[in-house]
Amino acid sequence: MLQNDITFFARFEPDILAGRKTITIRDAAESHFQPGQRLRTGRYEDNGYFCTLEVISTTPVALNELNDEHARQENMTLAELRQVIAEIYPGLDEFYVIAFKRIS
Ligand SMILES: CC(=O)Nc1ccn([C@@H]2O[C@H](CO)[C@@H](O)[C@H]2O)c(=O)n1
């Protein structure tokens, strides 16, 4: 079976499919994605494939640099985004913004 290149929590699948979520913010372990790369994209919970994304850019960002534009691209408020990141990555300060578009 073909492996996925990136996974998202299943609750974000509708926003990604609808184009409402156009970035993800990850730690160094997932900072290797390059512009133009096509990512088979699945759900974290069951690894089920749900779309293919093309990477636009991968950009380092510190926690205190997150702003309303990042939140808008996540379809969240900035307070919600900070909360989500604190839950997924407790104590971490250095992140990478992976911007993407859905191609299939
Ligand atoms: C295993 C693992 O780390 N999975 C992740 C990590 C992050 N994210 C989302 O990226 C944005 C910023 O972190 C938020 O929308 C997060 O929910 C995700 O869906 N799945």
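Biologist: What does the accessible surface of the chain come to, and what share of it belongs to carbon and sulfur atoms? Then take me through strand β3 and its partners.

Modeller: The model is predicted, so local features need pLDDT of at least 70 and side-chain atom pairs pLDDT 80 or more, while totals for chains, interfaces and linings use all residues. Numbering runs from 1 along each chain as its sequence is written, and side-chain values use heavy atoms, without hydrogens or water.

The accessible surface is about 5,900 Å² (Shrake-Rupley, 1.4 Å probe). Carbon and sulfur atoms hold 51% of that area. Of the 104 residues, 42% are buried (under 20% relative accessible area). The C-alpha atoms fill a box of roughly 40 × 25 × 20 Å along the principal axes.

Three helices and five strands make up the fold elements (DSSP runs: H or I of at least four residues, E of at least two). Their order is β-α-β-β-β-α-α-β.

Now β3, residues 38–43. It pairs with two strands (at least two DSSP bridges for each pair). Strand β1, residues 6–8, runs parallel to β3 over three bridges. There, Phe-8 is bridged to Arg-43 of β3. Strand β4, residues 49–62, runs antiparallel to β3, and five bridges join them.

Methods
Buried < 20%, exposed > 50% of the residue type's maximum accessible area, 1.4 Å probe, protein only.
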